[in-house]
Amino acid sequence: MSRQAERSEATRTVLIAAARALFAERGYAGVGTVEIVERAGSSRGAMYHHFKDKKELFRAVYEQVQEEIVARIGAAMGDAGDDPIAALRTGLRVFLDTCLERDKARIGLVDAPAVLGWETWREIDERYALGLVTAGLEQGRAAGVLRTDVPLRPLAHMVLASLAEAGLLIAGSDDPETARREALPAVLAFLDGLRA
């Protein structure tokens, strides 16, 4: 990579980090581009070189959040061993834990659907999270511990939808810790209903 390319990538990275911190703190609507570039120690010209507008910058932030969540869940599921049910239960718990993190909850669950629009938000969510959910369900089916009488694709979407709703419950709660504790048994009961 050339020095110019390295500087360009460094500027992009700093802009995303600054925007992420501000979006997590005050939400998309509460943050202006001037504030983002000031926090990044950059310029509006540099920002608009990398991103068409604030919405495109937000999308980059949201995708970064999604990548982190999926990587964290995937690693935790991998650490759960050969038991697909234990791996899925671990993944569900880790997801609910991430909903307690302000940047992930506000950016991913509250602002992303409104800022990006439902269709784009869903496309990104499916690209990251749906694959992980589908893989977990496939492993459970292959091991003979999950039902096979329900088509996989709609089932994966239903699991993803239940997680999104649980996440919204947590993110929108005045007491997120309690909301997370209350959501966990419901999500696990949903999973238990899929056992073979």
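How many cavities of 30 Å³ or more does a search of the whole structure find? The search finds 2. This is a predicted model, in which local features need pLDDT of at least 70, side-chain atom pairs count only at pLDDT 80 or more, and totals for chains, interfaces and linings use all residues. Residues are numbered from 1 along each chain as its sequence is written, and side-chain values use heavy atoms, without hydrogens or water.

**View 1. The largest cavity.** Its space comes to about 380 Å³. A cavity is a set of points, on a 1 Å grid over the protein atoms alone, where a 1.4 Å probe fits but cannot get out; lining residues have an atom within 4 Å of a point. The volume is the space filled by probe spheres set on the points, which are joined across faces, edges and corners.

**View 2. Lining of the largest cavity.** This cavity is lined by 27 residues; Ile73, Phe95, Ala129, Leu160 and Leu163 are the closest to its centre. Helices H4 (54-79), H5 (84-98), H6 (102-116), H7 (118-142) and H8 (152-171) each give two or more residues to the lining. Helices are DSSP runs (H or I, at least four residues), numbered from the N terminus. By class, the lining has 21 nonpolar, 4 polar and 2 charged residues. Nonpolar means Ala, Val, Leu, Ile, Met, Phe, Trp, Tyr, Cys and Pro; charged means Asp, Glu, Lys and Arg; the others, Gly among them, are polar.

**View 3. The second largest cavity.** Its volume is about 30 Å³. The lining residues are Leu92, Val159, Ser162, Val187, Phe190, Leu191 and Leu194. H8 and helix H9 (176-192) each give two or more of them. H9 supplies the largest share, 3 residues. The lining holds 6 nonpolar residues, 1 polar and no charged.

Key
1 Å grid on protein atoms, 1.4 Å probe; cavity = no way out; pocket = protein on both sides within 12 Å on 5 of 7 lines; lining within 4 Å.
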